[in-house]
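The following note sets out several points on the structure shown below.

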Amino acid sequence: MSPGAEFESTLLWALAALVALAVVAPYAWSFRRRRRADRARLAEARALGLDRPVAQFPFVDPAHCIGCGACVKACPEGDVLGVVGGVAVVINGLRCVGHGRCADACPVGAIEIGLGDLKGRRDVPILTDELETSVPGLFVAGELSGLALIRNAVQQGGAVIDTIAGRLRGAPPAPAGTLDVLVVGAGPAGLAAALAARLRGLAVGVIDQSAGLGGTILHFPSRKMVLTRPVELPGGCALSREEYTKEEVLELLGKEIAERGLRVRHGEKLLAVERAGELFEVRSSAGLQRARHVVLALGRRGSPRQLGVPGEDRAKVMYQLRDAESYQRQDLLVVGGGDSAVEAAIGLARQPGNRVTVSYRKDAFYRTKRKNQEVIETMLERGRVRAVFESEVESIGEREVVLRTPAGTETLANDYVFVLIGGEPPYDLLRGMGVRFGGDGAAQPPARRPQAPAAAALALAFAFALLPGASAPLAAQDSPHGDLAIACDQCHSTADWRVGRDIPFRHESTGFRLEGAHAVAACAQCHTSKIFSRVGSACADCHRDAHEGELGLACASCHDTRRWDVRTELFSAHSRTLFPLLAAHARVDCEACHGGQAPNQFSSTPTDCYSCHRADYAAATSPPHQGFPRDCEQCHSSFMEDWRAPGFRHPDRFPLTGAHAGLSCEQCHAGGYTGASADCYSCHRADYQAARDPNHVAGRLPTTCQVCHSTSSWQPASFDHALTGFPLEGAHRAVACEQCHSSGYQGTPADCVSCHRADYDAARDPNHRSAGFPTTCQTCHTMTAWRPASFDHSRTRFPLTGAHASEPCSSCHQSGYTGTPTQCYACHADDYRATRDPNHAAAGFPTTCESCHNTRSWDDANFDHDGLYFPIYSGAHRGRWTSCSNCHVSPSNYRQFECILCHEHNRQDTDDHHRGVSNYRYESQACFTCHPDGRGD
């Protein structure tokens with residue numbers, strides 16, 4: 001290789017190495033920095049106990065993990081995972097909610113989402129793979145199983161019903177009044193289970209202790225974002241997004257159960273579940289219910305945890321926040337440091353006028369999700385929320401709360417207290433049912449007992465045993481059963497011709513499987529002839545069509561083999577009409593609506609409410625309905641369980657909020673329900689006239705009550721004075737309204753002097769009136785107090801500096817405060833004339849005093865002789881003179897100076913020395929012309 005080629009090759013390798021270094025070095029440095037940060041975070045999290053998760057969390061297989069960090073970047077909560085020692089580890093387990101994004105992002109499949117070893121988890125029941133507890137037939141779904149997220153809850157609810165339906169397949173019908181499945185809890189898990197049971201034709205009931213749907217979601221604050229993964233409800237619509245508001249989820253769930261005719265018994269609290277043979281007896285606050293299986297979808301919230309301090313029983317103490325907008329211009333305390341407490345504080349702080357304090361027993365917020373952490377930290381920095389860490393509530397008063405802090409007690413003004421410190425999970429209730437938890441011991445749930453097969457079909461030959469002469473011996477060639485390919489001894493014996501029940505024949509071999517009521521019916525009920533093949537297989541062959549063909553011949557669309565009156569299927573068929581059966585309609589006997597017609601003829605039944613509820617309309621007294629429209633659905637809902645339960649939504653122009661929501665209709669509609677005024681004054685005229693602080697009538701206050709009052713209560717009122725363009729600040733806050741509004745509240749001037757004229761006139765230092773001061777008081781005075789005043793002279797053309805700052809105003813403003821000159825000489829003419837070194841007046845010095853003097857002192861003059869004229873304080877002349885007159889020999893004219901007097905040159909020698917120098921003259925002015933800096937060269 002030639003030297004040139006070798007050099008070129010070396011240069012290329014060097015350039016490649018530099019490029020690689022430029023790319024790899026920053027990445028390596030950043031990678032090491034992130035790993036060091038992860039180690040530090042892990043140590044801190046373990047010290048604080050944050051690494052231990054409470055629900056599902058990622059399991060990392062260290063043998064397969066390559067430490068790439070893809071899982072860390074994928075986590076929506078930001079800091080759950082980190083990479084330590086080249087392997088992904090859980091750092092902040094408390095923040096993990098089991099999204100599963102980390103497992104999806106792992107390129108080598110080293111992560112799974114689960115609950116881990118439950119042997120020591122006293123907060124998670126031991127479950128089989130089918131989610132069955134240690135009590136056979138008692139299942140768990142949703143948060144109680146340890147798994148969070150709506151997706152998991154919905155999938156578990158559906159899976160439990162799949163298991164139960166499989167066990168019930170072929171089983172005899174349940175006893176009267178017994179459910180196949182009772183679901184406890186109306187959250188996503190419970191409703192998914194109920195919907196799946198309805199789809200499978202199971203008799204299902206749902207109870208819930210809350211007043212509405214949603215379970216834990218119901219207790220979230222308004223418009224809270226609910227996280228999930230895409231999931232489809234059993235047989236219904238899909239939750240296709242990953243974020244929904246609370247209201248969106250509740251609306252979707254409500255729509256689904258309404259369309260399926262599913263009834264939820266709200267306000268019914270579970271008390272106990274006991275075994276009664278093959279059934280469960282479920283005791284609730286509403287009574288006793290029997291069921292074959294029970295699904296517990298209770299959630300983990302349980303009963304709210306309380307503080308146990310004096311005053312906690314006051315009405316102002318809340319254990320949940322539904323709607324932050326209901327609280328405005330209040331002093332509020334939030335107790336707790338988890339996500340619920342932080343979200344409540346954020347929502348309340350966003351409302352106008354609220355003063356929000358958070359009391360938390362720890363020294364920082366550790367257990368919150370990343371988004372909540374970022375928002376609350378911003379609000380703390382901006383003063384929107386105040387946090388009192390390491391504090392506990394000591395007592396709660398009517399208008400205050402006392403906190404215990406490391407520095408002592410602190411009393412806060414307070415209107416409402418929100419205690420959001422978690423709940424008491426229903427673990428003791430479950431243990432009382434026999435449910436075992438991980439920490440209760442080594443016992444595991446018993447293996448599921450195999451289900452008994454469906455009842456075998458009765459022997460077909462039993463039919464002829466009931467017929468006359470059946471006991472007589474028959475010749476083989478004269479078989480009464482026609483072409484039956486079964487040997488006689490398979491059904492008959494020599495001891496007794498009658499047929500036993502243990503026969504080998506299986507009815508399903510005929511193509512007609514015996515299920516439900518058919519499996520226990522006597523053979524002769526269908527086989528009236530000894531020739532068993534002579535029997536129909538259509539429903540109408542045995543069952544008379546009571547509907548006279550009006551509903552078609554597909555009986556199975558409404559009925560099944562368990563019993564003829566199968567209401568669940570009837571509901572499904574009814575939903576295909578213009579009148580689906582919902583809520584109370586689902587419990588009404590068919591004849592209650594379809595009576596008075598030809599038997600079982602339904603097509604002429606009216607569907608408007610009034611046709612059936614005419615008597616209810618006429619009997620209504622609260623309010624009386626005479627004159628009301630007959631469109632009942634304006635106020636009543638087909639979703640309600642009771643006709644008297646109103647579903648009327650007050651118009652948007654006057655929503656019923658606060659105290660209005662608890663009023664009876666007649667209190668506002670005493671004069672009828674049409675033309676009712678939405679104006680506050682129309683109802684609150686008496687309150688307006690009785691008001692004394694301030695007197696509304698005397699003060700001629702406007703009748704727009706909502707400006708000061710809220711719907712929570714008429715008192716206390718809170719007027720936002722800032723809305724008037726004159727915010728109350730400083731001392732104005734403590735002034736009674738009448739002091740400014742003595743002539744009423746209309747047209748009150750906003751300028752200071754209108755109220756402070758007496759202060760203006762009385763001012764003597766300086767005398768405002770005689771000096772002609774302007775009446776723009778705010779120029780010198782503040783709203784804290786009339787005195788002391790502070791005028792900012794720098795806002796004029798003459799800022800006060802040096803000695804001027806300590807001079808009394810009258811020194812310069814002897815003739816008033818308007819037209820005062822700003823030239824120095826105007827005040828310092830006497831100083832100018834009295835000066836003798838040099839004599840300013842005699843010498844004709846200019847009156848621009850600032851050229852030599854400053855504002856610190858008149859005598860402390862500093863004329864820049866070196867810079868402006870001739871160096872006498874530096875260079876060759878430094879220290880060669882004693883007074884100005886050494887050079888300035890004419891006291892009346894400082895423009896004249898002499899050089900020759902000091903520099904006694906012999907003229908002859910000087911002339912010879914300057915021979916040939918242009919413009920040379922033997923005089924001082926010429927010396928300065930050639931020697932301006934005083935140097936001889």
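1. The first point concerns the surface, and all comments refer to a predicted model. Leu 12 has a relative accessibility of 52% and therefore counts as exposed, since the cut-off for exposed is over 50%. Leu 12 belongs to helix 1, which covers residues 3–48.

2. Leu 12 is also part of a nonpolar surface patch of about 530 Å².

3. Three strands form an open sheet in the order 21-22-23, and their pairing is antiparallel. Strand 21 (392–396) and strand 23 (408–413) are the edge strands, each pairing on one side only. On average, neighbouring strands of this sheet are turned by 30° against each other, with direction ignored.

4. Within this sheet, strand 22 comprises residues 400–405 and pairs with strand 23 in the antiparallel sense over six bridges. Which residue of strand 23 is the bridge partner of Arg 404? The partner is Thr 409.

5. Aromatic contacts form the next topic. The structure holds ten aromatic pairs. One of these joins Tyr 360 and Phe 365, whose ring centres are 5.8 Å apart and whose planes lie at 15°, so the pair is stacked. The stacked class requires planes under 30 degrees apart.

6. Are the residues of this pair buried or exposed? Tyr 360 counts as buried because its relative accessibility is 5%. Phe 365 is likewise buried, with a relative accessible area of 8%. The cut-off for buried is under 20%.

7. An edge-to-face arrangement is found for Tyr 825 and Tyr 832, with 5.3 Å from centre to centre and 90° between the planes. Tyr 825 has a relative accessibility of 28% and so counts as partly exposed, whereas Tyr 832, at 7%, counts as buried. In general terms, a pair of aromatic rings is described by the distance of the centres and the angle of the planes.

8. Finally, one aromatic cluster deserves mention. Which residues form this cluster? Its members are Tyr 327, Tyr 416 and Phe 418.

Note on methods
Residues are numbered from 1 along each chain as its sequence is written. This is a predicted model: local features need pLDDT of at least 70, side-chain atom pairs count only at pLDDT 80 or more; totals for chains, interfaces and linings use all residues. Side-chain values use heavy atoms; hydrogens and water are left out. Two strands pair if DSSP finds at least two bridges between them. Helices (H or I, at least four residues) and strands (E, at least two) are DSSP runs, numbered from the N terminus. Axes are lines fitted to C-alpha atoms, for helices over the stretch in contact, and angles run from 0 to 180 degrees between N-to-C directions. Patches are made of residues with over 30% relative accessible area and no salt bridge: like charges are joined within 9 Å, nonpolar side chains (Val, Leu, Ile, Met, Phe, Trp, Tyr) within 5 Å. Accessible areas come from the Shrake-Rupley method with a 1.4 Å probe; for residues, only the protein chains shown count as cover. A salt bridge is a side-chain nitrogen of Lys or Arg within 4 Å of a carboxyl oxygen of Asp or Glu. Buried means under 20% relative accessible area, exposed over 50%, partly exposed in between (1.4 Å probe, protein chains only). Rings of Phe, Tyr and Trp (its six-membered ring) pair if their centres lie within 6.5 Å; planes under 30 degrees apart count as stacked, over 60 as edge-to-face and the rest as tilted.
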